[in-house]
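Please keep the view at hand while you read the numbered points.

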Amino acid sequence: MTKNRLKINIGPQHPSTHGVLRLVLELEGEIIKSCEPVIGYLHRGMEKMAENRTYLQYLPIVDRIDYLSGFFNSFAYCNAVENLAQIEVSKRSQYIRVLTMEMNRLSSHLLWLGTFLLDMGATSPLFYTFRDREVILSLFEELTGQRLMYNYYTFGGLRHDVSDDWLDKVGDFVKIMPKKIQDYEDIITNNPIFTTRTKNIGVLSKNSTLQYSITGPNLRATGIRVDYRNSKQETGNKEHNSHGLGYLVYPELDFEIPTAKTGDSFDRYKVRVEEMKVCLKLISQCIDWLKSNTGEIISPIKQHLLKVPEGEFISNVEAPRGVCSCYVKSDGSGNPYRVKWRTGSFYAVQILPKLLENTFYPDLMAIFGSLDVILPEVDR
Amino acid sequence: MMKKSLKPFRDIIALALGHLTVFKHVFKRPVTLEYPEKKLPLNDNFRGEHALVVDNEGKLLCTACGTCQRVCPSFETIEIEKEKNESGKFYPKNYTIDLNKCIFCGNCVQYCPFGAIIMTKEYELADEKKSALKLDINTLKKNYSDSIIKKTVKSKR
């Protein structure tokens with residue numbers, strides 16, 4: 001280290017690190033010369049926990065991996081167990097799973113939008129996004145009993161059916177939401193302060209995203225149209241694994257996958273806002289189907305006596321922060337032999353040293369915020 | 001060159017539009033509640049403090065089968081002392097739930113074969129002592145009668 005280099009710590013307790021991330025920075029004046037993320041402050045041993053619990057006992061814990069999008073983790077684990085034990089899921093429960101997951105994605109993106117702008121000094125959008133997120137959370141509370149830790153999915157179905165009354169409420173919400181999203185765009189998208197702080201800053205190239213296994217909106221912002229919800233893929237990498245594409249009833253639904261071109265902070269914002277609109281589109285399609293069709297929800301298998309035959313399975317889900325994969329290995333007993341999680345945020349943190357090199361110190365939080373990292377998901 | 005000269009005007013328009021959108025909210029009603037004085041209504045699905053169901057004769061529905069222990073994700077949260085009555089049926093002599101360990105997942109309620117345990121709408125559980133969060137059988141019975149009173153009062157309104 002030379003004389004004029006300064007080594008400083010950001011975090012672990014820092015309001016903008018979205019949890020407990022420690023960044024060891026080397027500064028030369030205002031320019032970041034190197035950055036080393038230190039993770040592990042929120043490690044709870046989620047993977048080891050599975051090994052001395054039954055399949056059902058582990059299910060409520062799964063929601064806590066990423067507390068902002070619990071349904072996705074829950075689905076990834078349920079899907080893996082269902083495939084191993086060959087349990088069928090009825091069409092109606094699949095539609096409800098899609099409906100709840102898309103609402104969850106919307107609430108997660110809303111929270112990201114508010115905190116991202118708060119990182120850059122804008123306070124009003126935070127209150128607006130929290131107000132709209134509150135509507136989704138109270139709908140979830142009505143359906144599942146809690147606001148964040150839902151524990152709503154079971155192996156082969158759901159805990160209980162949705163009522164028409166509840167669907168009507170969701171329908172009302174979907175009707176008012178486009179206007180609210182337009183409001184955010186009016187405030188944010190063309191704001192000169194916002195655009196100068198995000199355009200051409202924190203640029204992720206196509207190559208480096210593929211090298212670092214970045215997925216989700218961060219990848220789509222660079223122009224690569226990879227989304228596990230869509231069964232037709234257009235990947236830059238030919239070796240890309242096409243396993244588990246178009247899961248649930250997504251192939252039956254009509255939606256497009258938004259992408260951007262340059263891969264800077266602004267594009268990541270733009271992709272997420274467009275994704276919110278796609279969520280609304282998917283939600284309204286699900287409501288229409290659920291209102292006109294009935295079916296069985298509760299699965300006939302005995303959840304607490306479930307024994308899974310020997311084998312292994314990886315299920316992939318397109319979570320709000322990238323692909324969330326759950327690997328379950330079973331040895332034929334009532335407990336999983338091994339559970340492994342792959343979450344999008346972990347890879348987004350790994351690219352920080354490359355992304356932050358030779359950028360200005362005040363841009364640090366703008367770039368880090370745009371990646372949408374949630375630390376409990378990184379450490380698990 | 002033309003584009004560059006237009007940029008300040010576009011910025012001013014964008015800023016004005018943003019400020020106008022924020023200003024519109026001045027005339028809207030607040031969406032927040034002053035919490036300790038006012039509370040949001042909770043629905044029946046809400047997962048709060050536990051209660052053991054008592055039937056009309058004052059007997060517990062619980063048969064001390066231990067299913068709730070087996071489905072609970074955290075260990076040693078529910079402890080049951082089993083005993084036989086005169087007619088040869090099992091009943092819980094003591095039943096404790098440790099709320100320090102409970103994660104309020106609702107598995108015990110969902111998988112109870114007799115519907116003997118429910119979750120009330122009580123969520124303000126803070127206390128000075130840790131031991132106050134260990135609910136024994138009498139507290140759990142009392143929780144149930146309290147929740148019934150609340151339900152009937154609510155329906156009268």
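1. Start at a pair of facing residues. A:Glu318 stands opposite A:Val323 in S7(A). The two strands here are S6 (residues 311-319) and S7 (residues 322-330) of chain A, which pair in the antiparallel sense over nine bridges. Two strands count as paired if DSSP finds at least two bridges between them. S6(A) and S7(A) form a hairpin, with two residues between them. Strands are DSSP runs (E, at least two residues) and helices are runs of H or I with at least four residues, both numbered from the N terminus.

2. A word on the basis. This is a predicted model, in which local features need pLDDT of at least 70, side-chain atom pairs count only at pLDDT 80 or more, and totals for chains, interfaces and linings use all residues. Residues are numbered from 1 along each chain as its sequence is written, chains are lettered from A and ligands numbered from 1 in the order in which they are written, and side-chain values use heavy atoms, with hydrogens and water left out.

3. Next, a sheet. Three strands of chain A make an open sheet in the order S1-S2-S3, with antiparallel pairing. Its edges are strand S1 (5-10) and strand S3 (31-38), each of which pairs on one side only. Neighbouring strands are turned by 20 degrees against each other on average, direction ignored. S1(A) pairs with strand S2 (residues 22-28) of chain A over six bridges, in the antiparallel sense. Within that pairing, A:Ile10 stands opposite A:Leu23 in S2(A).

4. Which helix does H4 of chain A pack against? Helix H4 (residues 91-119) packs with H10(A) at an angle of about 150 degrees, and the axes are 9 Å apart. That makes H4(A) roughly antiparallel to H10(A). For such angles, under 35 degrees counts as roughly parallel, over 145 as roughly antiparallel, 65 to 115 as roughly perpendicular and the rest as oblique. Axes are lines fitted to C-alpha atoms, for helices over the stretch in contact, and angles run from 0 to 180 degrees between N-to-C directions. The crossing of H4(A) and H10(A) is left-handed. Left-handed means that the near helix is turned anticlockwise from the far one by less than a right angle, and right-handed that it is turned clockwise.

5. The axes of helix H2 (residues 55-62) of chain A and H3(A) come within 9 Å and cross at roughly 155 degrees. That makes H2(A) roughly antiparallel to H3(A). Their crossing is right-handed.

6. Now the aromatic rings. Rings of Phe, Tyr and Trp (its six-membered ring) pair if their centres lie within 6.5 Å; planes under 30 degrees apart count as stacked, over 60 as edge-to-face and the rest as tilted. The count comes to 18 aromatic pairs over all chains. A:Phe71 and A:Tyr150 are stacked, because their ring centres are 4.2 Å apart and their planes stand at 10 degrees. This pair links distant parts of the chain: A:Phe71 is in helix H3 (residues 70-85), and A:Tyr150 is in the loop between helix H5 (124-144) and strand S4 (153-154), 79 residues apart. Both A:Phe71 and A:Tyr150 are buried. Buried means under 20% relative accessible area, exposed over 50%, partly exposed in between (1.4 Å probe, protein chains only). One aromatic cluster takes in A:Phe71, A:Phe140, A:Tyr150, A:Tyr152 and A:Tyr153.

7. Two charged ends lie over rings. A:Arg133 lies over the face of A:Phe130, at 5.5 Å from the ring centre. The charged end of A:Arg380 sits over the ring of A:Phe346, 5.8 Å from its centre. The rule asks for NZ of Lys or CZ of Arg within 6 Å of the ring centre and within 35 degrees of the ring normal.

8. Finally, two backbone points to check. A:Asn200 has a positive phi of about 60 degrees although it is not a glycine. A:Asn200 is found in the loop between H7 and helix H8 (206-211) of chain A, and is exposed, at 60% relative accessible area. B:Ala64, also not a glycine, has a positive phi of about 55 degrees. B:Ala64 lies in the loop between strand S1 (50-52) and helix H2 (67-71) of chain B. Buried or exposed? At 5% relative accessibility, B:Ala64 counts as buried.
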